[in-house]
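Hi,

Here is the structure I said I would pass on.

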Amino acid sequence: MNMKSRTKLIMALLLTVGVLFGVKTVDVTAQAAGNDSASAVFSGGCFWGVDAVFKHVKGVTKVVSGYAGGAANTAHYEIVSTGTTGHAESVRVTYDPSKVTYDDLLKVFFFVAHDPTELNRQGPDSGTQYRSSIFYENDAQKKMADDYITQLYQQHAFSGPIVTKVVPFTGFYPAEDYHQNYLELHPDQPYIVYNDLPKLEQFQKDLPELYQQQAAK
C-alpha cells in the first residue's frame, strides 16, 4: 500500500469510527497495577523506522530496538537476518499510561509504523524476521489487541487482510548498539530517506494529537 492510499484509509477511518479513534481509553493494565510506566512490544518490519515512529508518540519515554520471538543465543543481527531463528526485528516501547494508552500505541502501530497487510515482509525487506506481530505481555494487552484488530476488520480499514499475529511475549533482546536510534543518527541514509522519513511526516499530519516533536530516547 502506498503512502497516499494509506492516508486516505486513515482519514476515512478517523471520520467513521469516532468511538475507536476519537476517545481516549484507560490503560487497564497499568491502572490496575498503579504504575506510572508500562511497556509494549511490536514488530513491523525493519526496526529502524518502527523505533523512530514510536519515539515521536506523546507519552512514550523510551524505545529500544531488538529481537523477540526466538531464543537468547540467536538474538544477533547476522543470525536473525537468516530468517531461521524465530525472531522478529522488534521494538520495546516504554510509555506513561497517564499520557498515552495502549490503544493509542495500537493506532500508531497499524496506521503509521507499518503496513499490517504485508505477510513476512515490509517494503523492500522480506523474511519472517520482518513479520507483523504484537507480543502481548498480559491478558489485558491480548484482549485489547484482538479487539482492535476485530474492529479494524469490521470497519474495512484496509483493502487487504490483516496478517498481524497477536502472540505471547517470551523475551526481548536489545539489538546491537549501532541499530539503536538509527534514524536520528543517520537521517540522510537512503533507506531512511525513502522508507522511514515519510512515516514521520504522515504521522505528524494525520495524528497530530499523538505526535511529539522531541523524540524520546
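A word on the ground rules. This is a predicted model, so local features need pLDDT of at least 70 and side-chain atom pairs count only at pLDDT 80 or more, while totals for chains, interfaces and linings use all residues. Residues are numbered from 1 along each chain as its sequence is written, and side-chain values use heavy atoms, with hydrogens and water left out.

First, the sheet. It is open and has six strands, in the order E7-E6-E1-E3-E2-E8, with mixed pairing. (Strands, E, of at least two residues and helices, H or I, of at least four are DSSP runs, numbered from the N terminus; two strands pair if DSSP finds at least two bridges between them.) At the edges sit E7 (165–168) and E8 (172–174), each pairing on one side only. On average, neighbouring strands are turned by 35° against each other, direction ignored. E2 and E3 run antiparallel and are joined by eight bridges; Gly 66, for instance, stands opposite Ser 90 in E3. Helix H6 packs on this sheet and touches E1, E2, E3 and E6 (132–136), its direction making about 15° with that of E1. (Contact means heavy atoms within 4.5 Å; axes are lines fitted to C-alpha atoms, for helices over the stretch in contact, and angles run from 0 to 180 degrees between N-to-C directions.)

Next, the inside. The largest nonpolar core has 49 residues, and those with the most contacts inside it are Phe 42, Phe 54, Leu 105, Phe 110 and Phe 203. (Such a core is a set of buried Ala, Val, Leu, Ile, Met, Phe, Trp, Tyr and Cys residues joined through side-chain atoms within 4.5 Å; buried means under 20% relative accessible area, exposed over 50%, partly exposed in between, with a 1.4 Å probe and protein chains only.) Its largest share, nine residues, comes from H6. Leaving aside neighbours within four places in sequence, Phe 42 is in contact with Phe 54, Leu 105 and Phe 109, among others.

Beyond four places in sequence, its contacts include Phe 47, Asp 51, Ser 90, His 179 and Gln 180.

Finally, the salt bridges: a search of the whole structure finds five. (The cut-off is a side-chain nitrogen of Lys or Arg within 4 Å of a carboxyl oxygen of Asp or Glu.) Here are three of them.

- Asp 51 and Lys 55 meet at 2.7 Å, N to O. Both lie in helix H4, four residues apart, about one turn of the helix. Asp 51 is buried at 1%, and Lys 55 is buried at 3%.
- Glu 137 pairs with Arg 92, the closest N and O atoms being 3.2 Å apart. Glu 137 lies in the loop between E6 and H7 and Arg 92 in strand E3, so the pair ties together parts that are 45 residues apart in sequence. Glu 137 is partly exposed at 27%, and Arg 92 is partly exposed at 26%.
- Lys 143 pairs with Asp 147, with 2.6 Å between the closest N and O atoms. Both lie in helix H7, four residues apart. Lys 143 is exposed at 53%, whereas Asp 147 is partly exposed at 32%.

Cheers
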